Amino acid sequence: MADCKKLETCIFFNDRMQNMPAVADIYKQNFCRGDFFKCARFVVLEALGREKVPSTLFPNQIELASEIIRKG
Ligand code: SF4
């Protein structure tokens, strides 16, 4: 598994989100250091750009990511 190329600047990976979930370390393993292409933050960032990624969006919220992308 490859690391996400956004690791260094990602507010989730760097614990800078306001309400980090208790399962944050598991998400980091599963998404940031694993299937990063399935991460909601990564998907929105790639589709729309960094400024469109909500500060509250967690990696596992892929359905919400799809909605955000649909709305543009
Ligand atoms: S996988 Fe998602 S949460 Fe993790 S570093 Fe990449 S963009 Fe950030």
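Five aromatic pairs are counted under the criterion that rings of Phe, Tyr and Trp (its six-membered ring) have centres within 6.5 Å, with planes under 30 degrees apart classed as stacked, over 60 as edge-to-face and the rest as tilted. In the pair Phe 12 and Phe 58 the ring centres are 6.3 Å apart and the planes stand at 75°, so the pair is edge-to-face. Phe 12 belongs to the segment before α1 (24–32) and Phe 58 to the loop between α2 (40–48) and α3 (62–71), so the pair ties together parts 46 residues apart in sequence. Both residues, Phe 12 and Phe 58, are buried (under 20% relative accessible area, with exposed over 50% and partly exposed in between; 1.4 Å probe, protein chains only). Phe 12, Tyr 27, Phe 31 and Phe 58 form one aromatic cluster.

The model is predicted; local features need pLDDT of at least 70, side-chain atom pairs count only at pLDDT 80 or more, and totals for chains, interfaces and linings use all residues. Residues are numbered from 1 along each chain as its sequence is written, and side-chain values use heavy atoms, without hydrogens and water.

The protein contains three helices and zero strands, where helices are DSSP runs of H or I of at least four residues and strands are runs of E of at least two, numbered from the N terminus. Buried residues account for 38% of the 72 residues. Of the contacts (heavy atoms within 4.5 Å) with a separation of 6 or more, 48% involve residues 24 or more positions apart. Along the principal axes, the C-alpha atoms fill a box of roughly 30 × 25 × 20 Å.
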